[in-house]
Amino acid sequence: MTAPMTPTDSMSPTHDYMILQQGVRYPSIAELSEPMLRLAGLRINPRTNGPHREARIVGLALKKVGDAKGAEIKVAVGPEAHISGLTWSPDGKHFSFNNATRNGIDLWIGTTATGAVTKVPGVALNTACSAGGAGGGGRGGFGGGGPISWINNGKSLLVRTVVASRGKAPALDATPTGPNVQQSLASKGQTPTFEDLLKSQQDEVLYEYYCTAQLAVVDRATSKVTPVGKPANFSTASASPDGKHFLVARIHRPYSYVYTQNAFPKDVEVWDFTGKLESKLASVPLADNVPLEGVQTGPRHWQWQPLDPATLVWA
């Protein structure tokens, strides 16, 4: 029971290096006792603005594929590391990851050849509501990656950060402002059972507070941070292969107290590199009439064609 876990591996895009990730089998009492908000199908740690009880990686080691000696380069992540979200640059020469501290989530960038890592100063990541990969198509999902994605062939990264000007978290009032009202349109439908749903107007305010993020481009070489567009709750944020456009899907009201955030309405848009709207692709309504294991009618699964400079494909 106390034996170390078998490391998981992540292969570089060029298949010449891999990173071994050392996990922890059991969470500590301190981790279990962290505060938790249950909002729209999510479990959020308000201290870090990230997921509650996210799988923890405590060690990283680089290994060259084909090395007969089996040598490993230990990555200096520190004894209190809480790593997640490992991503490779397209050329495999660099990698990035999140590191959760007690009061936030930092962005780190590493060099593959040496294993040297550097914390990007002034960046507080917002990972609370970001999908870890391509979203499912059943209830309004989109491919959009997580809170970190490489762009410009590894010269920079597109990240989702905590809005610096948002102020303190809304105070919870024990007295409700009014009744919880739900409307039925007398149509038949299949409703699965979900956990951790929104239950009140106060939950809606908290959900918006913790899930609203500011997109930003981080220059890998200089660590310069450039905000992109206005803050929003992004279910998708990905750059075109040429790095000149962004595909975004912004979640907006009305929310549902019966479905998770994957079913909430979205506006799907293409922005230029400064965040200016270039094209509105779709307005996706609340997915409250999708059969179990079914898909929403209309366009879905927007994504960039990886072999073209800036071509969108969808189902």
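**Questions and answers**

Student: How many residues line the largest pocket, and which of them lie nearest its centre?

Tutor: A pocket is found on a 1 Å grid over the protein atoms alone, as an open set of points where a 1.4 Å probe fits, with protein on both sides within 12 Å along at least five of seven lines, and a lining residue has an atom within 4 Å of a point. By that rule, the largest pocket is lined by 23 residues. The ones nearest its centre are Gln-183, Ser-184, Val-258, Leu-286 and Asp-288.

Student: What kind of model is this, and which atoms do side-chain values use?

Tutor: This is a predicted model, in which local features need pLDDT of at least 70 and side-chain atom pairs count only at pLDDT 80 or more, while totals for chains, interfaces and linings use all residues.

Student: How much space lies in the largest pocket, and what is its lining by class?

Tutor: A volume is the space filled by probe spheres set on grid points that are joined across faces, edges and corners, and for the largest pocket it comes to about 730 Å³. For the classes, Ala, Val, Leu, Ile, Met, Phe, Trp, Tyr, Cys and Pro count as nonpolar, Asp, Glu, Lys and Arg as charged, and the others, Gly among them, as polar. The lining then has nine nonpolar, eleven polar and three charged residues.

Student: Which parts does the disulfide tie together, and how many residues apart are they in sequence?

Tutor: The structure holds one disulfide, a term that here requires a pair of cysteine sulfur atoms within 2.5 Å, and it joins Cys-129 to Cys-211 with an S to S distance of 1.6 Å. Helices (H or I, at least four residues) and strands (E, at least two) are DSSP runs, numbered from the N terminus. Because Cys-129 lies in the loop between strand 11 (117-119) and strand 12 (148-151) and Cys-211 lies in helix 2 (residues 201-211), the pair ties together parts whose separation in sequence is 82 residues.

Student: Is the link of Cys-129 and Cys-211 left-handed or right-handed, and are the two cysteines buried or exposed?

Tutor: The angle about the S-S bond is -65°, and the link of Cys-129 and Cys-211 is left-handed. For the second part, a residue is buried under 20% relative accessible area, exposed over 50% and partly exposed in between, with a 1.4 Å probe and protein chains only. By these limits, both Cys-129 and Cys-211 are buried.

Student: What covers the buried residues of helix 2?

Tutor: The buried residues of helix 2 are Asp-203, Glu-204, Leu-206, Tyr-207, Tyr-209, Tyr-210 and Cys-211. Contact means heavy atoms within 4.5 Å. What covers these residues includes strand 3, strand 4, strand 14 (213-219), strand 15 and strand 16.

Student: Over how many bridges does strand 16 pair with strand 15, and over how many with strand 17?

Tutor: Two strands pair if DSSP finds at least two bridges between them. Strand 16 (residues 245-251), where five of seven residues are buried, forms a hairpin with strand 15 (residues 225-239), with five residues between the two strands and Gly-243 in the turn at a positive phi of about 75°. Among the bridge partners are Ala-239 with Phe-246 and Val-248 with Glu-269. Both pairings are antiparallel, with strand 15 over six bridges and with strand 17 (residues 266-272) over seven bridges.

Student: Where is the cis peptide bond, and in which loop is its proline?

Tutor: The peptide bond from Arg-253 to Pro-254 is cis, with omega near 5°. Pro-254 has its place in the loop between strand 16 and strand 17.

Student: What is the order of the open sheet of three strands, and which are its edge strands?

Tutor: The open sheet has the order 3-4-5, with antiparallel pairing. Strand 4 (residues 42-45) and strand 5 pair over two bridges, and Asn-45 has Gly-50 as its bridge partner in strand 5. Each edge strand pairs on one side only, and the two are strand 3 (37-39) and strand 5 (50-51).

Student: What is the relative accessible area of Asn-49, and what is that of Ser-223?

Tutor: Asn-49, in the loop between strand 4 and strand 5, has a positive phi of about 60° although it is not a glycine. Ser-223, in the loop between strand 14 and strand 15, likewise has a positive phi, near 65°. Asn-49 is buried at 2%, whereas Ser-223 is partly exposed at 24%.

Conventions: Residues numbered from 1 in each chain as written. Heavy atoms only, no water.
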